[in-house]
Every structure is written in C-alpha cells, then in structure tokens.
Amino acid sequence: MERIKSNAFVKKIGFNRLVLFLVLLLMYTIFAILEPTFLSYNRILSALNYAYFLGFLSLGVTFVIATGGIDFSIGPVMFCAALISGQMLTKMNVPMVICLISAVLVGSAFGVINGYLVAFWKMPSFITSMASMMLARGIGSVFTKTQSISWPQSSQENGWFRIFVKYTIPGTTMALPTGLVFLLIIAIICAIILNKTRIGRYILCLGSNKEAVRLSGVNVKKWEMLAYIICGTLAGIAAIVFVGAYSTVQPGLGDTYNNDAIAGCVMGGTSMSGGVASIGGTFIGVMIISLLQEGILAMGFQKDWQYVITGLVVLFAVYADVRSRARKN
Amino acid sequence: MGEVILTMKGIDKTFPGVHALDHVDFELKKGEVHALMGENGAGKSTLMKVLTGIYKKDSGSIIYEGKEVEFGNPREAQSAGIVIVHQELNMMNHLTVAQNIFIGREIMSGKLINDAQMNRKAKELFDLLNIEIDPTEKMGNLTVGKQQMCEIAKAISHEAKVIVFDEPTAALTESEIEELFKIIRDLRAKDMGIIYISHRMDEIKLITDRVTVMRDGAYVTTLISESCTKDDIVHAMVGRVIYEEPKVKSNVPKDAPVVLKVEHLKAGRLVNDVSFELKKGEILGFAGLMGAGRTETARAIFGADTKESGDIYVNGELVEIKSPQDAVKSGIGYLSEDRKRYGLAVQKTVAENSTLAALERYMKGLFIDKRKENEVTQQYIDSLKTKTPSTDQLVVNLSGGNQQKVVVSKWLVRNCDILIFDEPTRGIDVGAKSEIYHLMNELAKEGKSIIMISSEMPEILRMSDRIVIMCEGKKTGEMLIEEASQESIMHAATLRD
C-alpha cells in the first residue's frame with residue numbers, strides 16, 4: 001500500500017482521486033452487469049446530460065468551499081439565469097448570443113452579491129447564500145410570471161446553442177458529446193486557476209488561515225469575493241447546458257441541485273473547512289453522482305434512492321476528511 | 001491573622017523541557033491576604049493550577065485544614081472550598097447574573113430550572129458582600145468590575161475558605177478597585193484565606209499582609225508587607241544570576257538614521273500615547289509585564305488593528321497605515337507571538353508560506369513561477385538553516401523553531417526593512433532559541449531594524465541595543481542597554497501613575 005502511495009505517478013494524480021476513479025469504474029461495471037443497456041451509447045449520453053450542468057455548478061462551488069465558505073444558491077441561480085435569459089429569448093426576441101451572455105452575467109451578478117456580503121460585510125456565507133437562494137428563486141418566478149420556459153430544439157431556429165451539449169452529425173442520428181469537451185475545457189481552466197495562479201493560491205491559503213494571509217499584507221477581501229464570482233459565473237454557464245440538455249425550465253425549482261453539486265465537490269476531496277481543494281476530484285465526484293442518478297432510474301428503483309446513497313457517500317467523505325485532520329493535529 | 005489553613009511544601013513540577021516549579025513552599029493563614037509575586041513565567045499560575053488540581057504535581061505535599069489533599073480537578077478543589085477568581089472572566093454574557101453564578105448546579109424544582117429561587121439566592125450573596133447587582137440582569141450588560149463581583153459571589157456561594165485572585169485589578173477602574181478592596185477586606189475579616197496575585201507594587205502595600213516572591217519556578221522569599229519596601233520586592237523578583245552574557249554596548253552608532261518614528265499612537269485602552277524611534281540596524285527591545293500593551297502597540301503600527309490617532313513615519317516620511325497591506329508596502333513585517341493563528345497557513349507548504357507576502361514578484365505572466373518560488377524558498381531554507389525535507393513539506397509537520405523560521409523567511413522574501421518580532425522564542429526549544437538570536441543579530445548587522453517584544457528579561461538584556469518599557473498602555477521608560485539593569489527595567493514595568 002505504502003509503495004503504491006509513493007509511486008511518482010500516483011503521487012502526481014493523488015491517491016484518493018485514483019481510488020475515487022476506481023469507484024466510478026466499479027459502479028459503471030456493476031450497473032452494466034445488472035442492466036446491459038448501460039453499455040449503449042445513448043444511455044451514456046443521457047447520464048452525461050446530468051453531469052454537464054452539475055459539473056459547472058460543482059466546479060464553481062469548489063472555489064467557494066476552498067475559502068472555507070459555502071454557497072447554497074447555485075441551483076436556484078442557475079434556474080434564475082435560465083429563466084431570465086429564456087424569457088428574453090422567447091418573449092422579447094432578444095438575439096440568442098445576447099441571451100446566452102445574459103445567462104452567464106446573471107450568474108456572475110449573484111456571485112458579486114454573495115461575495116461582497118461575505119467578504120466585505122463579513123456575513124456568514126451559510127445565511128447569505130440561503131437568502132440569495134430565495135432571491136434567485138423569487139426573481140426567476142417573478143420575471144417569467146411563473147411560466148415555464150422552453151428553449152428551441154436543435155432543429156428549430158436558434159437551436160444552434162445546443163452545440164454546447166451535443167452535436168448531431170448532419171444526415172445521421174450520430175450525436176457527439178460536445179458538452180463533455182466543453183466541461184473538460186472549463187475544468188482544466190479551473191484547475192489551472194486553482195493551482196497555478198495567484199487567485200487560486202490566495203483562495204486556498206485564506207481558506208487555510210485567513211488572518212495569517214491578511215497579516216501578510218494580502219487583500220483578502222478581494223480574493224475571497226472573487227471565489228464567489230467564479231462560482232456564480234459557472235452557475236450561469238450551467239444554465240446554458242441545462243437548457244441545452246433538458247429544454248424546459250420551471251420557476252421555483254433548482255434547490256436540490258445545490259446538494260448534488262456540493263456532494264460532488266466534497267466527495268472529490270475538497271475540505272469543507274477550506275484550504276484544500278481538487279478540481280480533478282470534483283470532476284470525478286460529479287461523474288459518480290450522475291451515474292448513480294441514471295443507474296437508479298434505469299433499474300426501476302424509486303428516484304429518491306439516489307438521495308439516500310448520495311447522502312451516505314457524502315457522510316463518509318466528510319468523515320474521512322475530519323479523521324485525516326484529527327490525525328494531523 | 002489566625003491559624004494556618006493551607007501549606008504547600010516542596011511542590012515540584014516538570015513539563016517537557018521546562019522545570020516549571022522547583023520545590024516551592026507556600027503558606028497561607030486564615031484571615032490573611034497573601035500576595036504572590038514574580039515576573040511572567042515565574043511559576044505563580046502554575047503553582048495555583050497545581051493547588052486547584054488543573055496540573056498534577058510531581059512531588060511535594062499540600063496540607064489543607066490539617067489534612068493532606070490532592071485534588072483531581074478544579075471541581076474537587078471547589079467543593080473543598082478553594083476557588084480561583086480568574087483574570088479572564090469565564091462568564092456567559094447571554095445568561096443572567098444568577099444563571100451564571102449557579103451554572104452547573106442549577107436549583108431545580110422537579111425537572112425544571114427554578115430561576116426565581118436562584119435569583120433569591122444570588123441576591124442573598126450580594127447582600128452578604130454589600131454590593132448592588134440585579135440578579136436578573138444579563139451578564140453582558142455589566143461592567144468588567146461588576147462581572148468580577150459576580151465571580152466573587154460565585155466563589156462565596158461555594159462556601160470558599162480560600163480564594164485566589166489572579167490579577168483582579170488589571171481591567172478595573174480606580175473606583176472599582178476601591179470597591180474590590182473593600183470586599184477583600186470584608187472577606188479577610190470573615191477569616192478567609194486570600195491569595196492575591198498581582199504585578200502592581202502599590203497594591204501590595206495597600207491590601208496584603210505578606211508577600212511571597214517566586215522567580216524562575218522557585219521560591220525566593222516571604223516578606224511582611226508592612227515592613228518591606230518596593231525595592232526589596234523588585235530585588236527579590238529579578239535577583240537572578242544571568243548565565244547568558246547580556247549585551248554590554250549598543251552596536252548602533254549614535255548618528256544612525258531613524259527608520260521608524262511613532263508619535264502619540266493611541267489605540268484602545270492598552271495603547272495610550274506611545275511615541276518612540278527605531279534606528280537603522282538597531283534591535284529595540286520592548287519590555288513589560290503581561291498586558292502592558294506591547295503586542296497591541298505592534299498591531300496598531302502594523303495596521304492589524306485600527307488606531308485612533310498618532311503618526312507613523314518611515315524613513316522620515318509620514319505614512320498612512322490603515323491595513324497590513326499598507327504596512328507591508330512601507331516595508332514593515334510583523335511576526336506574531338501566535339504563529340499558528342496569525343503567522344502561517346499551516347496546512348500549506350513551506351514554499352507557499354514563504355512567498356505569501358510577496359507572491360506578485362514570483363509570477364510569470366498570469367502564472368506562479370514555481371521554479372523561481374522554489375529557488376527563493378530554498379535559498380532561505382539554506383540561509384536560515386530551516387530543517388525541512390523539501391520546499392513542498394506542509395508547515396504543520398515542522399517543529400516550532402522551524403515554523404518560526406518559515407515566518408521569518410516570509411518577511412525576508414518580501415525584503416522588509418523593519419521587522420517586529422513579537423515573543424520570537426515563545427514555545428521554541430533552547431537550541432532553536434540561540435539560532436533565532438543569531439539570526440536576529442545577523443539581520444541587524446545587514447541593516448534591518450528590529451523591534452523585539454519579549455517578556456523574558458534575559459532575552460531583553462541579551463538582544464537589545466535600546467529598551468522601551470511599557471506598563472498598562474503607556475511608555476514608562478526608555479534606556480540604552482548600557483544603562484539598563486533588571487532592576488531598572490522592572491521598576492519602569494511596574495510604574496503606574
């Protein structure tokens with residue numbers, strides 16, 4: 001065991017992430033044995049649909065959790081962004097490009113608000129994000145007058161935006177998972193930001209000991225706020241891939257995705273007390289949750305079993321984190 | 001004074017690396033106020049902790065009311081009648097006075113708490129002490145003085161026979177002190193034994209009957225308060241033989257330029273009109289007893305806490321320091337006494353901590369230049385002789401001395417010219433200590449200017465070129481090392497006006 005852990009390749013990737021990846025493969029194998037349709041391409045595409053939007057949410061919240069904070073508003077913010085931009089598109093005839101940009105900006109705006117309140121006014125992120133969760137839900141509903149909104153299909157006018165999710169080769173039924181490529185690119189950018197830039201360095205350090213970073217002459221407020229802005233912006237992007245995959249958004253929903261996103265992040269080894277975060281881990285965590293969701297549906301279990309299992313997995317992940325901290329001290 | 005109620009004989013206690021109590025004797029009579037004096041770290045608190053069962057003694061005996069006792073915890077001591085009124089009050093501000101007094105032993109009627117009964121009982125206690133406090137008031141609404149009275153009432157309610165006051169007047173106003181002394185005299189008249197820990201010389205004469213002086217964990221002498229002088233006490237407190245050679249002469253030329261000038265600095269109760277100058281290449285010692293306001297002064301200069309007024313000049317220019325960011329820009333670095341809380345992100349690596357204050361200099365465009373970062377980190381690992389397997393080691397895995405070196409390297413990487421070392425050798429073993437001393441001397445030789453806050457007299461005398469002494473938020477003395485002695489420093493450190 002120690003020999004495996006000290007192997008250069010394993011060290012580079014991270015032992016825990018490797019284990020997590022094996023868990024993902026194992027789960028897929030079990031599902032494939034129990035339910036052979038899992039070997040089909042369409043089934044995989046369907047599982048991925050869930051992973052796209054959840055991936056963006058989870059990547060974003062990783063930055064916030066790295067600072068030692070939390071953001072419970074991302075799910076509703078994603079819905080709010082999708083509703084506002086959808087309303088602009090379908091009812092106000094705003095050009096598609098501008099609608100997509102607005103979706104992202106709505107997300108960023110919530111990030112700015114959350115970040116400002118937490119970093120500058122020192123409000124607890126738990127409460128702040130709960131409040132903005134309600135704001136997001138309410139604003140989305142008010143803006144659309146509680147109407148659900150359907151985005152155009154790929155065959156319709158303006159349907160081109162679905163290229164962010166999948167691309168059907170003309171003349172065939174063959175669909176390429178462009179969403180996965182999109183998500184991977186953003187994930188790699190996130191990993192670079194977190195590990196190679198000052199943004200990530202300061203976010204991780206202030207998650208570890210904010211006062212020490214402040215006393216080192218670093219503008220901690222600015223960097224802490226930035227984590228929330230990144231989170232909100234990614235929730236805005238999540239809105240685009242959500243409607244790209246599922247077409248319809250209903251007002252008043254979105255809360256449950258918070259839990260899945262935070263679960264994916266924690267499962268991936270990001271510590272709830274801040275200072276330690278892994279984008280790769282978050283990515284695999286999201287894949288596990290999406291697979292679980294699809295698998296449970298496919299096997300005809302009641303959907304809510306997914307929550308039971310995700311809950312247990314999160315408890316285990318947090319327990320492992322607390323334990324490893326206790327051992328270090 | 002009556003018969004002896006408490007005798008501690010030959011109390012010995014060793015912590016890893018420190019002989020905290022070296023066969024200490026102490027005796028307390030009924031109806032006596034007995035002062036316990038000594039510098040920081042003399043062992044007063046440790047002795048009281050042994051008495052009340054917080055620490056277990058290694059050897060020696062405690063005889064209380066004629067019987068040998070050994071308390072396992074403060075609760076046992078309390079029920080036997082020995083209580084401490086702590087310097088830092090352990091009160092819950094959101095509960096009422098009565099609820100605080102009876103915490104942990106609430107008066108019940110059935111399964112419910114009987115607040116009315118507790119209020120009545122509390123009132124009776126206050127009447128006994130002749131003090132006016134409403135038992136139903138929230139604790140947080142009382143002044144510090146009144147809160148302390150509640151602590152005393154709580155002690156009485158345990159049917160105390162011995163009460164230990166740990167620096168009770170540190171946070172009180174003059175009139176509150178008067179009131180406290182009245183209560184203490186009342187308690188004495190009721191034949192209680194009172195142990196009184198204080199740094200204030202004038203109070204010793206005013207309120208105590210005898211004084212026992214401790215130094216470096218050992219018993220020195222017991223004096224009769226009435227007949228002894230302040231000089232006698234100071235002499236007993238500091239009359240140690242210093243093994244390490246004190247600095248004899250300042251290394252700083254008289255005409256060295258002033259790099260930092262602080263004028264009329266005010267920030268809260270503990271920084272009251274402080275002015276001083278720091279010269280290039282100088283080690284300026286800040287001496288004083290606990291709570292003198294030295295750390296608070298440093299934090300106000302550094303912008304960690306907001307200052308109310310005062311001017312700070314760096315290299316002759318007035319600078320506006322509103323946050324640590326501003327201070328760092330002016331070339332000031334602050335090494336906190338509490339490294340883990342204020343100095344380091346311990347879950348991060350040596351390299352990440354070393355460049356924390358100067359990361360913008362180790363960038364290649366948008367990205368951190370890891371190679372350059374590791375280079376500069378390694379450079380300071382070598383020059384400070386930090387013991388770490390690599391630049392990627394997590395700081396949490398290093399020893400105290402090496403963690404301190406990482407904090408130092410953080411400021412050296414930033415190239416700060418003015419360094420404030422707050423208790424630089426606290427919690428560091430002897431070997432690492434002399435390395436830190438050596439390092440500070442080297443830095444001063446290179447032309448860095450150092451403010452060194454220290455509560456250890458030998459450290460002050462060994463390192464400083466000049467010494468500023470503070471007492472209760474005010475500067476009460478300043479002397480060149482040539483003029484300084486333990487006695488003269490201790491005099492200034494206990495100077496109240």
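Two residues count as being in contact if their C-beta atoms, placed from the backbone, lie within 7 Å. By that rule, the contact between the chains takes 25 residues from chain B and 20 residues from chain A. Bear in mind throughout that this is a predicted model.

**Stop 1: the side of chain B that touches chain A**

You will find 17 nonpolar, four polar and four charged residues.

**Stop 2: chain B as a whole**

Along its principal axes, the C-alpha trace spans about 70 × 55 × 45 Å. Chain B has a radius of gyration of 25 Å; a compact globule with 497 residues would have one near 23 Å, so the two agree.

**Stop 3: a sheet in chain B**

Next, select 258-266 and 309-314 in chain B. These are strands β13 and β16, which run antiparallel and are joined by five bridges. For one pair, pick B:L260: its bridge partner in β16(B) is B:V314.

The open sheet has four strands in the order β14-β13-β16-β17 of chain B, with antiparallel pairing. Which strands form its edges? They are β14 (272-279) and β17 (317-319) of chain B, each pairing on one side only. From one strand to the next, the twist averages 20°.

**Stop 4: two helices in chain A**

Switch to chain A and select 198-214 and 220-246. These are helices α9(A) and α10(A); their axes come within 9 Å and cross at roughly 130°. That angle makes α9(A) oblique to α10(A). The crossing of α9(A) and α10(A) is left-handed.

Show the side chains where the helices touch. From α9(A), the contact residues include A:I199, A:Y202 and A:L206. From α10(A), they include A:V220, A:W223 and A:E224. By class, the contact of α9(A) with α10(A) has nine nonpolar, no polar and three charged residues.

Terms used:
Residues numbered from 1 in each chain as written. Chains lettered and ligands numbered in written order. Predicted model: local features only at pLDDT ≥ 70, side-chain atom pairs only at ≥ 80, totals over all residues. Pairing = 2+ DSSP bridges. Axes fitted to C-alpha atoms, helices over the stretch in contact; angles between N-to-C directions. Parallel < 35°, antiparallel > 145°, perpendicular 65-115°, else oblique. Left-handed = near helix turned anticlockwise from the far one by under 90°. Nonpolar A, V, L, I, M, F, W, Y, C, P; charged D, E, K, R; others polar. Rg over C-alpha atoms; globule rule 2.2 N^0.38 Å.
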